[in-house]
Amino acid sequence: MRAPWPRGPVSRLFGRFGNRHRGMLVAGFALRLGEMAADLATPWPVAAVIDRVLGGSRSHNPLAPLLDAFGTGTTAMLTTAAGAVVLVALVSAGFDYAGDRVLNAVGERMSSSIRCETFAHLQRLPMSYHDRQAVGESTSRVITDCDRIKESLVVLFSMLCPGVLAAGSYAVALLLLDWRFGLIGLGCIPVVYLTGARNHRRGHRAARGQREAEGRLAAVVTEVLHGIGTVHTFGRHELHDEHFATRSVGVLREGLVAADIQARRVPLLESATAVCVAALLWVGGMGVLSGQWSIGQLVVAMSYLAGMVTPLRSLSKVSMVFAQGHASAERIIAILDEPTVTHRPAPRRGPRPPRRAEGRVDFVGVSMEHGDRVALRRLDLSIGAGERIALTGPNGVGKSTALALVSGLYLPTGGVVRIDGRATGDLPPQWLHRQVTAVLQDTFLFAGTLADNIRYSRPDAALADVVRAARAARVADFADDLPAGLRTRVGDRGVGLSGGQRQRVGIARALLADAPIVLLDEPTSGLDRDAEELVVAALARLVAGRTVVMTTHRPSLLTMATRVVGLTAVGDRTRVAAMGPPG
Ligand SMILES: Nc1ncnc2c1ncn2[C@@H]1O[C@H](COP(=O)(O)OP(=O)(O)OP(=O)(O)O)[C@@H](O)[C@H]1O
């Protein structure tokens with residue numbers, strides 16, 4: 001059902017993640033109400049002492065029955081009032097503790113769910129999204145923006161909600177005490193609201209600018225750390241220092257705007273609320289002088305007004321946290337709104353694909369554009385099941401793109417890529433992952449053991465299968481010399497292994513996947529002759545009995561192909577020419 005009001009990022013996030021903790025939220029707010037009730041009772045023992053003990057009058061006091069129950073002598077009333085002060089404070093503290101525990105736990109749980117779902121969603125976004133988004137920027141959203149949302153939720157539950165509840169309750173209590181006191185108290189609310197709302201919009205703009213600038217800064221850090229070897233080799237540290245400092249100025253500029261807004265807000269609100277306190281003091285003082293109210297009642301009214309303005313003042317101090325949380329919620333919603341690869345249009349009706357594809361691949365009028373860059377133009381090419389085809393051609397003609405289209409990494413922007421006669425866009429992604437495997441130019445290894453990395457393609461594989469794949473791919477040749485064998489940990493990005501060794505782990509991974517279609521994207525480029533020999537020997541085992549589409553310029557790999565074709569871009573077509581027998 002659609003909400004009857006336009007739903008902003010904050011309410012959408014809250015609706016989606018807060019609903020899951022409805023029970024705890026209700027319990028938390030009930031505890032807050034208990035605390036409020038205790039706080040409302042706080043000034044009455046003092047009023048009783050002033051009016052009944054010191055003034056000797058019997059003015060109205062809601063705690064009178066309790067105070068009178070322990071005796072009406074001055075000492076008894078004084079003792080009971082002192083005891084009541086402690087008791088009320090203890091009850092209020094108990095509710096405060098329990099309310100904070102419950103509501104802050106909701107804030108923590110909500111932000112944890114937001115973080116996990118944002119990461120899960122981000123991983124499933126298509127390559128076209130990741131191509132245009134810097135890694136540092138995405139990291140900054142998952143980590144920093146989720147953190148900002150967490151801070152806002154904690155402040156929301158521990159300050160904003162109790163503050164609003166307190167201000168509302170004190171305003172009602174003032175009204176009940178006397179309508180004139182109530183009007184003065186209520187007069188404070190629009191002043192605070194108008195000051196806060198105006199500043200929230202400015203604060204939100206500054207916070208949004210700051211988060212965008214911080215995201216760009218994170219992108220610089222990630223880029224430089226990815227290429228730190230190149231930075232050291234060429235000694236270009238100063239270049240990146242300057243680059244970083246330039247981007248950092250953007251963060252600083254927005255931060256200064258936010259600091260200015262924050263600095264203005266507190267005095268503005270303090271002045272506005274001081275006017276209300278002064279008005280109450282004057283009106284109340286005149287009332288006491290004319291005998292309309294007792295001094296005790298004026299003390300209670302002043303205490304309620306102080307109770308009302310204190311949370312309003314403290315809210316002004318945290319409003320920048322909300323502005324930042326708001327800006328971060330927009331950035332998180334922007335990710336969650338992106339369609340994932342599993343949200344493709346529903347496949348056209350047809351029989352379920354068989355468990356294992358035969359391995360026929362057809363490109364029919366396939367075009368591919370990456371933004372404004374054209375990678376393939378109406379390519380027609382058919383590859384039979386079990387055929388091993390090598391794509392050659394000039395740099396940038398679209399060989400790697402053709403491979404990426406077979407694996408479903410991208411969907412063509414024109415034409416269709418078919419596997420066993422069915423368009424890749426109509427095939428369930430999970431099925432496609434089982435039919436197509438790849439060894440790329442540089443195998444990416446995750447932090448974990450060698451065995452974990454091989455098992456990445458088939459998490460349920462038995463250890464014996466992992467060992468068999470490791471032997472066939474000649475990983476065992478070097479793993480046997482390591483103290484922990486296949487249980488040796490490799491660091492982030494496979495640090496500690498040579499290029500050739502990493503490629504052999506990649507081949508073992510592909511072997512274990514046992515897919516009928518294998519893609520090889522320059523798997524031996526960058527290797528020396530000895531390493532290449534070992535990798536080619538491993539690849540020979542991988543390609544046997546499967547459909548293979550490879551891109552390579554290396555003769556040792558070309559000899560594995562049953563057909564070599566050359567791609568050339570001519571006008572609006574990517575043409576295919578047979579290049580004669582391989583080798
Ligand atoms: N992710 C991407 N984003 C933007 N443009 C891209 C992307 N991938 C490829 N391209 C562009 O598409 C064109 C084809 O690239 P592709 O890598 O497929 O060519 P290639 O024939 O494999 O080149 P090479 O022989 O140099 O590896 C190039 O102009 C390239 O700049």
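This is a predicted model: local features need pLDDT of at least 70, side-chain atom pairs count only at pLDDT 80 or more; totals for chains, interfaces and linings use all residues.
Let's start with the ligand. There are 13 residues around the ligand, and H370, A375, N395, S400 and T401 come nearest. What kinds of residues make up this shell? By class, the shell has two nonpolar, eight polar and three charged residues. Now look at where they come from. Strand β2 (373–383) and helix α12 (399–406) each give at least two residues to the shell, and the largest share, three residues, belongs to α12.

Next, follow β2 into its sheet. As a bit of background, strands of a sheet pair through backbone hydrogen bonds, and the pairing can be parallel or antiparallel. Here, four strands form an open sheet in the order β2-β1-β4-β5, and the pairing is antiparallel. Strands β2 and β5 (422–423) stand at the edges with a single partner strand each, so one side of each has no neighbour in the sheet.

On to the helix pairs. Two packed helices are described by the angle between their axes and the distance between those axes. Take α2 (residues 22–41) and α5 (residues 74–123): they pack at an angle of about 160°, with their axes 8 Å apart. Since angles over 145 degrees count as roughly antiparallel, that makes α2 roughly antiparallel to α5. The crossing of α2 past α5 is left-handed. The residues making this contact include L25, L31 and A38 of α2, along with V91, F95 and V102 of α5. Divided by class, the contact of α2 with α5 has 14 nonpolar, four polar and four charged residues.

Finally, compare that with α15 (residues 463–472) and α17 (residues 499–513). Their packing angle is about 130°, and their axes lie 8 Å apart. How are α15 and α17 oriented to each other? They are oblique, and α15 passes α17 in a right-handed crossing. On the α15 side, D465, V466, A469, A470 and A472 meet A508, L511 and L512 in α17. That contact divides into seven nonpolar residues, no polar ones and one charged.

Conventions: Residues are numbered from 1 along each chain as its sequence is written. A residue is near a molecule or strand if its C-beta atom, placed from the backbone, lies within 6 Å of it. Ala, Val, Leu, Ile, Met, Phe, Trp, Tyr, Cys and Pro count as nonpolar, Asp, Glu, Lys and Arg as charged, and the others, Gly among them, as polar. Two strands pair if DSSP finds at least two bridges between them. Axes are lines fitted to C-alpha atoms, for helices over the stretch in contact, and angles run from 0 to 180 degrees between N-to-C directions. Angles under 35 degrees count as roughly parallel, over 145 as roughly antiparallel, 65 to 115 as roughly perpendicular and the rest as oblique. A crossing is left-handed if the near helix is turned anticlockwise from the far one by less than a right angle, and right-handed if clockwise. Two residues are in contact if their C-beta atoms, placed from the backbone, lie within 7 Å.
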